[in-house]
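Please read it beside the sequence and coordinates.

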Amino acid sequence: MASVTQTVKPISRRFAVPRVLRSIIGSQEAVLFLALVLLIAYVGNENGRFLATRNMVNVFSGNAYIAVAAIGMTMVIITGNIDISVGSLMVTLAMFSGAISIYTHFPSWMSENSIIWLAWIAPLIVGGIVGAIIGFFVTYLRIPAIVVSLGFMSILKGILIIVSEGERITGMPDGYALAQRHPLEKVPLPIFEDFFHGLTMPIFFMFGLIILVALWMRYSATGRALYAVGGNAEAARLSGISEHRILMLTFILNGFFVGIASVLYATQFSVIQVTLPPIEMTIITAVVVGGVSILGGTGTVIGAMLAAILLNTITKALVFVDISPFWMRAIQGVLILITVLADLLRRQRQSA
Amino acid sequence: MQPLLELQHITKTFPGVKALDDVQFDICAGEVHALLGENGAGKSTLIKIASGVYQPDAGDILLEGKPVRLGSPHEAQSQGIATIYQELLLYPELTVAENIFMGHAPRTPFGAIRWISMREKARELLASLNIYDLDVTRKVGALSVGNRQRVEIAKALSLNARILIMDEPTAALTEADVERLFNIMKLLKGRGVGIIYISHRLQEVFDMGDRVTVLRDGRYIGTKAVTDTTEDELINMLVGRSIDNLFPKAETQIGNVVLEVEHLNHKPLTRDVSFQLREGEIVGMAGLVGSGRSELAQSIFGLLPAQSGIIRINGKAIRVRNPRKAMRHGVAYLPEDRGTQGLVRQMNLRINMSLTVLRMLSRASFINRQKELKLALSTIEKLSIRAYSPNQIVGKLSGGNQQKVVVGKWLATMPRILIVDEPTRGIDVGAKAEIHRLMGELAKQGLAILMISSELPEVLGMSDRILVMREGRIVAEYSRADATQENIGMAMMGNIENGHPVEEHQMDGV
């Protein structure tokens, strides 16, 4: 029988020289990483203060909660769906978390510490439950995710305004401020001690969760099934993969990661604002610029994380090179369009 | 007489398939010319060329003797060629009158639509077809299929069509509607319109047609005047006589019954279907598209769970609610459309092949990459898939190799029952032979195979036993020795019930 090697010569032989280059350009993660390094180097060169430890920590931590929320959104978009309620959900859960931490009528046997833990954990569970409800509408009632999440966005906003009465939450206990902790503070390090000591909790959450989820999505059977459902739901179903199970899991995990992000968001300052910046748009931008195809089936959480960091780096950098930060919105838009165009080209090359 | 439209020496090739090879066809004023052929014979391609959807690779199109180019459906329409497709192309949210005059409504000098005169004209047009019971202000979405078809015909006439192409117009109609359609066709004939009529129902061809042209495998077989031919002759022309020796069916030891289906229903797609499948046996399943073959397969595989009936595997009655259940009982289903049902095209070979066995390859829910790679490499070798690496994107493989990947992913599940749905559709002759050889080998190893195919030579060549489905039922069964293209063709077309020819009077309403 004909052996595998003999049959067809690699098509890429024709482009033997720039092959390494091609694989870099072909990977959105590599492009983003390169862009990030070049941007930091360039702005650092223009204005040395940009590279100061404190600023660098800000560059990496500022969008960490966005990156954590982008984990769930990445999965949702890979399955070919979308969730535009995550911004409202995140602020609602943040308020919920803050409210627990300052609630005074818990039974007396609950220590202050356990109340803080409750304030950290409860949003994850509630987030998962909301995700399950959205997932149920999408999976079993076959309503398009954009419609379901649009509805939930309104519901959550309404609840938020009524319950909070527009008041911000303050007076949380000291131990509550998870996002302001510096886990490596007391660890002696030979080099870059300042930098590592300055690293805040959200950075660890971001890198830790992203690495775990990236491995899970790449190497687990469920992760594989997730990509298959997004790539061709019909073929996945015919292969014995339960599309319903995967979709439900995706939306539950999405709510869960929004829950984690909401705790990071709630604990970053000493007040919790209940105003609503368009967080969901930033999250979706990070996911799309991170190389997750809006048509489903491809992309990684690492790309989404790099894009989230890149977006924050650009925001921070604008000040240092004397460009109005109001340009940020427009720059985000351009990045989205460039990414979508690149994705289109890649798809065309694949089907050629 | 000068034909209205002539198609001469038409050849059209699609990637991997020669859809039409030197085909000719013509239509005269005031005649109904029927176009016959099995699924995939090239009828659709031919009418798409006549209606400007496709351009031929070679050949001439003559309109009243003068060569023309029909570059788009719009150009064909402006030359007076209108097409009524099986799926009617109307706007359900617009009214009858609006649909009829879509794109060419009467207008005022300022460009506004003259609504009243448009409705008036629509009414006149319908009246000229003896249609008086259709309210032109009703929304088309609320009409019956038969009425929608009448709207389509009126629309074609509003464009002054001289040639009307009708693609299986009676397929979805009730008997009364068929009658009305035929009356309208007679009316149009009388006015000198030439009608190209496509149908699977031979009886209709004899009722309505003046001439009939038969295509087979993209080739022109012949044209007959309806008065000079018989059903038997047409069926012979349709299915052909020669079976090439492309199909090596090895002698196998046929063993115990593995699959037993009793009174299976998924109405209206399948009705009261019963059959058996044995170890080492290949059972061919013939029938027209829409006869319920794929739906039957999907009921057994759990995609369309049966409403009633019993499925037994190895003598044990089981309930198949989803594909996963069916797979657990050793059933594999190679779907009809490998692009949309079989493969995740943007993923690579390795991933596609392991999709059916992710659990088997996993420990603690993480995939064992070594095992996965080994599976991919051995499948590539065993099925001689022409790929340079297991990491090649499947979308880039040829049709035949893609099909082998789908076969491979199902063989990985080590099935005892393999259902294949059009296993060699759209793949080249070499790959076809390889897939046939493989199916023969698998049967030899004791696999029970149910093969759905629209290619009669394939069914006859590969099968130990042949079942014929029509309108959701199994209407005939033949052993390998008894089966001929003729009797299978007759059973498919509706002239045989339970292996016996149907009496003339029973056939009328079909």
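## Chains and overall form

Chain B contains 19 helices and 24 strands. Helices (H or I, at least four residues) and strands (E, at least two) are DSSP runs, numbered from the N terminus. The model is predicted: local features need pLDDT of at least 70, side-chain atom pairs count only at pLDDT 80 or more, and totals for chains, interfaces and linings use all residues. Residues are numbered from 1 along each chain as its sequence is written, and chains are lettered from A and ligands numbered from 1 in the order in which they are written.

For chain B, with 510 residues, a compact globule would have a radius of gyration near 24 Å, and the value of 26 Å agrees with this. The radius of gyration is taken over C-alpha atoms, and the globule rule is 2.2 Å times the number of residues to the power 0.38. Of the 510 residues of chain B, 47% are buried. A residue is buried if 20 or more other C-beta atoms lie within 10 Å of its own, exposed if 12 or fewer, and partly exposed in between, with C-beta atoms placed from the backbone. Contacts in chain B with a separation of 6 or more come to 68% from residues 24 or more positions apart. Two residues are in contact if their C-beta atoms, placed from the backbone, lie within 7 Å.

Chain A has 16 helices and 2 strands. Its radius of gyration is 22 Å, close to the 20 Å that the globule rule gives for 352 residues, so chain A is as compact as a globular protein of that length. Buried residues account for 45% of the 352 residues in chain A. In chain A, 77% of the contacts between residues at least 6 apart in sequence join residues at least 24 apart.

## The contact between the chains

The contact takes 27 residues from chain A and 31 residues from chain B. On the side of chain A that touches chain B, at least two residues each come from α1 (4-7), α11 (221-231), α12 (233-238) and α16 (328-351). Of the elements of chain A, α11(A) gives the most to that side, with 6 residues. By class, the residues of the side of chain A that touches chain B are 11 nonpolar, 12 polar and 4 charged. Ala, Val, Leu, Ile, Met, Phe, Trp, Tyr, Cys and Pro count as nonpolar, Asp, Glu, Lys and Arg as charged, and the others, Gly among them, as polar.

## A helix pair in chain B

Two packed helices are described by the angle between their axes and the distance between the axes. Helix α8 (residues 231-239) and helix α18 (residues 485-493) of chain B have axes that come within 9 Å and cross at roughly 105 degrees. That makes α8(B) roughly perpendicular to α18(B). Angles under 35 degrees count as roughly parallel, over 145 as roughly antiparallel, 65 to 115 as roughly perpendicular and the rest as oblique. Axes are lines fitted to C-alpha atoms, for helices over the stretch in contact, and angles run from 0 to 180 degrees between N-to-C directions. On α8(B) the contact is made by B:I235, B:N236, B:L238 and B:V239, and on α18(B) by B:Q485, B:E486, B:G489, B:M490 and B:M493. These residues divide into 5 nonpolar, 3 polar and 1 charged.

Helix α15 (residues 301-320) of chain A has 20 residues, which at 1.5 Å a residue should span 28 Å; its end C-alpha atoms are 29 Å apart, which agrees. The expected span is 1.5 Å times one less than the number of residues. In α15(A), 16 of the 20 residues are buried. A:D322 follows α15(A) and has a positive phi near 60 degrees.

A:P325 lies in the loop between α15 and α16 of chain A. A:P325 counts as exposed because it has 12 C-beta neighbours inside 10 Å. Not counting residues up to four places away in sequence, A:P325 touches A:T315, A:L318 and A:V319.

## Backbone exceptions

Most residues other than glycine have a negative phi, and most peptide bonds are trans. A:F192 has a positive phi near 50 degrees and lies in the loop between β1 (169-170) and α9 (193-198) of chain A. B:D22 has a positive phi of about 55 degrees and lies in strand β2 (residues 17-27) of chain B. The peptide bond from B:K267 to B:P268 is cis, with omega near 0 degrees.
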